[in-house]
Amino acid sequence: MSSSRIEYSEKYADEENEYRHVILPKELAKTLPKTRLLTENEWRSIGVQQSRGWEHYAIHRPEPHILLFRRPLGTDPQTGAVNLELKRQALEEYKGQFGLRG
């Protein structure tokens, strides 16, 4: 299966996490487990490519070919670990987008 047919959303965030969704070709999605989340090794093995720290956190039952991912704000994309300074910056950016100071 060609990973070039996999589509990636822009990232979006709340006060705790950043999120993205990945849209798989439907024929590829039919081969995946239906009742459990994928491990990092599993989603990487089917061609999903993204930096470190992402977790497949939910199954979107109406559209199982869409994988939902999240990672804590401030995650270093090289290591997958949360960097407190990156987290502070990401939280300030989030609050600034929505006028939430304090």
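Buried means under 20% relative accessible area, exposed means over 50%, and partly exposed lies in between (1.4 Å probe, protein chains only). Those words describe the charged pairs below.

This is a predicted model, in which local features need pLDDT of at least 70, side-chain atom pairs count only at pLDDT 80 or more, and totals for chains, interfaces and linings use all residues. Residues are numbered from 1 along each chain as its sequence is written, and side-chain values use heavy atoms, without hydrogens and water.

Side chains of opposite charge can pair when their charged atoms come close. The structure holds six salt bridges (a side-chain nitrogen of Lys or Arg within 4 Å of a carboxyl oxygen of Asp or Glu).

Take Arg71 and Glu18. Strands (E, at least two residues) and helices (H or I, at least four) are DSSP runs, numbered from the N terminus. Arg71 is buried, at 3% relative accessibility. Glu18 is buried too, at 14%.

Now the helices. Glu40 and Arg44 share helix α2 (residues 40-45), four residues apart, about one turn. Glu40 is partly exposed at 33%, and Arg44 is partly exposed at 31%.

Helix α3 (residues 84-98) holds Glu85 and Arg88, three residues apart, about one turn of the helix. Glu85 is partly exposed because its relative accessibility is 39%. Arg88 is partly exposed at 45%.
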